[in-house]
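Hi,

Here is the structure I promised to pass on to you.

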Amino acid sequence: MTVATRTYELAVRAYAKDLYRYAYWLCRNGSQADDLVQDALLRAWKHWHRLEDAQAVKAWLFRIVRREFLRQLTRTQRQAMDQLDDDMLQAASDGSADMADTLAIRQLLLQAPASLREPLVLQVLGGFSSAEIAGLLGTRDGAVMTRLTRARQWLRRAFGADAQEERSA
Amino acid sequence: MTDAKKPAMTRATANTTTSAMTCLDVRRQQLANPDTQSAAMHAHLSQCESCREHGERLLAQDARLRDALQVPVPEGLVERALLRRQLRSPQRFRNWMIAASVACLALFAAWWQLPWSQSRDWALLVAEHVADEPAALAARGEIAAAELNKLLHSWGLALREPLGKLRYLDRCAMPDGRGLHAVIATEQWGLVTLILPPAGVEVVPGEAQYGDFHAAAFHSQGRAIAVVTADAAQLSDARQWLETRLTAL
């Protein structure tokens, strides 16, 4: 087994599950996420010789998954990914859903605007810093902070928290 | 928030007139990342019960979120990924074909002067390469033509005429070695990417598309060259344009 084969195998074993979960929250479909990860990992292997910074392998693999996902979208769908949808931000503000269980939160996340859900998934699930997320999404650090803030506000409204408290701060 | 908590928060806000962070600053940071804890934040939280509770609620929310994000992973995901790589790898032939391969390759190389490098779809490879390096297209450098000429000499080529504004120039890692990657801002076609595959690799002429990028690999002056544009209609013209501006040493 070559060094490249060995390091690739280690990387797949270490990150495939996180990659699948990231892909799932990108495309919101289990079988599509599975295909996405398989294609992305094969592409990663094809370009393994270009991986110069072994420390950055996780972010690199996440980037490939995202690129594969975007490649499958139309140009219009891609543009929509980067837009904050204010109507969607308000949609969960009634807080009427029972958020006591994980399935309900998942359901809620599936409805969240992609522009908010993605940085949140990368931070909470991937453990990336806002600067790393900015690099992955091709945007600025400040824009990521704004999206993360709005994502948590959106979630809190959806969880039925008292929004009045936040306004009083 | 209950009315009972409001006075505590008001006091903390008033206290922050002498400290680095206000309640609003702290809550913004907590919302962006509840795990974050700077010295200034710590100082504020030690005085402000309301912000402390706000942070705890967000941490609890993130914990629920983290659980929810852990969707079940399909069985055999890792094994299938490794299997696909294995099936793509020529190594699967190694155990039972190595002796025959060596003998055949030696025979054919001697008789037919076949190149040793693996044949790849270089048109597709360079299109992918450009798509994978958006920073190269976004670069706004002003690189001297002499720099490009110096690198071109390594490939046995030289500039016959100036190419235009050189925005990006690098020797990139590619299959079988390092290739030349140059981005040129042209008046006719906008950004055109010139790729020279690593010296000695076998390049089969052809065209390919990957994402928004169109590439052509071809031979000119006895050298393998590839060009990438964002518009398929421009590819042929850009290729001819490059051919007229490069010459063999």
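The contact between the chains takes 54 residues from chain A and 49 residues from chain B. Please keep in mind that this is a predicted model. About 5000 Å² is buried between chain B and chain A, and carbon and sulfur atoms give 56% of that area. On the chain B side, the residues that lose the most area to chain A are B:Leu31, B:Leu69 and B:Arg85, which together make up 13% of what that side buries.

Polar links come next. There are five salt bridges between chain B and chain A, and 20 residue pairs are in polar contact, counting pairs with both residues at pLDDT 80 or more. In one salt bridge, the side chain of B:Arg80 meets that of A:Asp34, at 3.0 Å from N to O.

Which elements of chain B give two or more residues to the side that touches chain A? They are helix 2 (23-32), helix 4 (49-69), helix 5 (77-88), helix 7 (122-132) and strand 2 (165-174). Helix 4 of chain B gives the most, with eleven residues. By type, the residues on this side of chain B divide into 25 nonpolar, 17 charged and seven polar.

Over all chains the structure holds seven aromatic pairs, and A:Tyr8, A:Trp45, A:Trp48 and A:Trp60 form one aromatic cluster. A:Trp45 also has B:Arg85 lying over its face, 4.8 Å from the ring centre. Within chain A, the charged end of A:Lys58 sits over the ring of A:Phe128, at 5.1 Å from its centre.

Best wishes

Key
Residues numbered from 1 in each chain as written. Chains lettered and ligands numbered in written order. Predicted model: local features only at pLDDT ≥ 70, side-chain atom pairs only at ≥ 80, totals over all residues. Heavy atoms only, no water. Contact = heavy atoms within 4.5 Å. Buried area = accessible area lost by both parts, 1.4 Å probe. Salt bridge = Lys/Arg side-chain N within 4 Å of Asp/Glu carboxyl O. Polar contact = N/O pair within 3.5 Å; in protein donor to acceptor, adjacent residues only side chain to side chain. Helix = DSSP H or I, 4+ residues; strand = E, 2+ residues; numbered from the N terminus. Nonpolar A, V, L, I, M, F, W, Y, C, P; charged D, E, K, R; others polar. Phe/Tyr/Trp six-rings, centres within 6.5 Å; stacked < 30°, edge-to-face > 60°. Lys NZ or Arg CZ within 6 Å of the ring centre and 35° of its normal.
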